[in-house]
Amino acid sequence: ILNYRKCYKKMNINEILVIAPYSLSKEEKRKLLNERLHELTRKHYENCEPYRRMMDARGLDINNLPDYEELPFLPVRLFKEFELRSCTKEDVVKTMTSSGTTGQAVSRIYLDRETSSAQQKCLTKIVSHFLGTKRVPMMILDSSAVVKSRNMFSARGAGILGFSMFGSKRQYALNENMELDIEGMKEFLETHKGETIFMFGFTFMIWQHFYKKLLESGYKPDLSKGVLIHGGGWKKLITEKVSPEEYKKSLNAVCGILPENVHDYYGMVEQTGCIYMECKCGHLHTSAFSDILIRRPYDFSLAEVGETGLIEVVSVLPGSYPGHVLLTEDEGMILGEDDCPCGMSGKYFKIEGRIKNAEIRGCSDTYATKF
């Protein structure tokens, strides 16, 4: 530990988060990620005993770390089994929990003040690329009941509260019984007529409680100037044979929102803040603050572009817990890097689904199972 402290210059996360999220070349980003992920690996090795024991068992030489593609990953499921934190209990300001079905263990993510602040700044940088820096009226396609408990956030509640900072005025589209609040929506949209409306919600809930209920009611709000960001999983909708294209087309039919203004995102409570946004071409993108690796399931070697495998995610944010290099239980494929027609730099990819026998997770998919 003393050896690496003498030769390593600590990076400042706030300096990293000044970078425009889709501006770095492949070489610039690789240098940034190597430096920051090495710093985090050393920090967690020193301050989190379970992490240190796992790294020692893997034979990691903490004084001679490899490039980040070869750093040992943690399976995301470990956050359900162990208390993994690199800060003192007294420094924990927030405990995040993953979404889960009844009887299913949940991940617990411990945040200190610096990590919580970094998550918020990172989310702001990424979403502002799509919304602009000015806050706009916001319609939350969910119920306010989800955010009543602020001490221990669920992933769904944290998502709503995290994205709410982009709203100047906020209106929940659903009441506490998950029914459309048509009168509330009418009043809100009349007050902000002609303005850009930012909408946020979770994929299945939007389909079940917003789209379907608008069809039943006959009410057609004018959201032609709206921008929708949604996430949380597609499992239930895929079984209903609803494709992303059909999803956008159907929403356009009931409220006029343009398909190019509907953006899916991929993210998880274990790396809150570092979300992967869908561009206008329908591709999910890494930012300057994160990366995606695809690993072959039979030996965990790195897959080629266009090859399906297990998704590994890396993030510059997790300072209070060892969540910077994680192997998910999702399958996906990298489509390219730095050459998406949308013009955004970084890798772009698609999600293929969950691995067989993996637990259901994701705000939309767990809710759909309960529903």
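The model I am reading is predicted. I then took the overall counts. The chain has 12 helices and 15 strands. Of its 371 residues, 56% are buried. I noted an accessible surface of about 16,700 Å² for the chain, with 48% of it belonging to carbon and sulfur atoms.

**Entry: the sheet**

I looked up the strand order next. I found an open sheet of 6 strands, ordered β6-β4-β7-β8-β9-β10, and its pairing is mixed. The edge strands are β6 (167-174) and β10, and each of them pairs on one side only.

I then turned to β7. How many of the residues of strand β7 are buried? I count 6 of the 6 residues in 197-202 as buried, so the strand is largely enclosed by the rest of the structure. I checked the two faces separately. Ile197, Met199 and Gly201 are buried on one side, and Phe198, Phe200 and Phe202 are buried on the other.

I followed the bridges of β7 to both neighbours. Strand β4 (residues 136-143) is joined to β7 by 3 bridges, and the two run parallel. For Ile197 the bridge partner in β8 is Gly226, and Phe198 stands opposite Val227 in β8.

Helix α9 (residues 203-217) belongs to it, and β7, α9 and β8 make a right-handed β-α-β unit.

**Entry: aromatic rings**

I listed the aromatic pairs and found 14 in the structure. I took Phe163 and Tyr265 as one of them: the ring centres are 5.5 Å apart and the planes meet at 40 degrees, so I class the pair as tilted. The cut-offs behind that class are under 30 degrees for stacked and over 60 for edge-to-face, with the rest tilted.

I then searched for a grouping of rings. Phe163, Phe166, Phe198, Phe200, Phe202 and Tyr265 form one aromatic cluster. Among these, Phe198, Phe200 and Phe202 are the residues I had noted as buried on one side of β7.

**Entry: Arg77**

I located Arg77 in the loop between β1 (74-75) and α5 (78-81). Is Arg77 buried, exposed or partly exposed? Its relative accessible area is 32%, so I record Arg77 as partly exposed. The side chain of Arg77 makes a polar contact with the side chain of Glu329 at 2.8 Å. I also checked Arg77 against Val106: the two are 29 residues apart in sequence, and their C-alpha atoms are 8.8 Å apart in space.

**Entry: positive phi**

Met178 has a positive phi of about 60 degrees although it is not a glycine. Met178 sits in the loop between β6 and α8 (182-191). Where does its accessibility put Met178, buried or exposed? At 13% relative accessibility I count Met178 as buried, because the cut-off for buried is under 20%.

Lys241 likewise has a positive phi, near 60 degrees, and is a residue other than glycine. I found Lys241 in the loop between α10 (235-239) and α11 (244-255). Its relative accessibility is 75%, so Lys241 counts as exposed.

Notes
Residues numbered from 1 in each chain as written. Predicted model: local features only at pLDDT ≥ 70, side-chain atom pairs only at ≥ 80, totals over all residues. Heavy atoms only, no water. Buried < 20%, exposed > 50% of the residue type's maximum accessible area, 1.4 Å probe, protein only. Helix = DSSP H or I, 4+ residues; strand = E, 2+ residues; numbered from the N terminus. Pairing = 2+ DSSP bridges. Right-handed = clockwise from strand over helix to strand, strands pointing away. Polar contact = N/O pair within 3.5 Å; in protein donor to acceptor, adjacent residues only side chain to side chain. Areas by Shrake-Rupley, 256 points an atom, 1.4 Å probe, with all protein chains shown as cover. Phe/Tyr/Trp six-rings, centres within 6.5 Å; stacked < 30°, edge-to-face > 60°.
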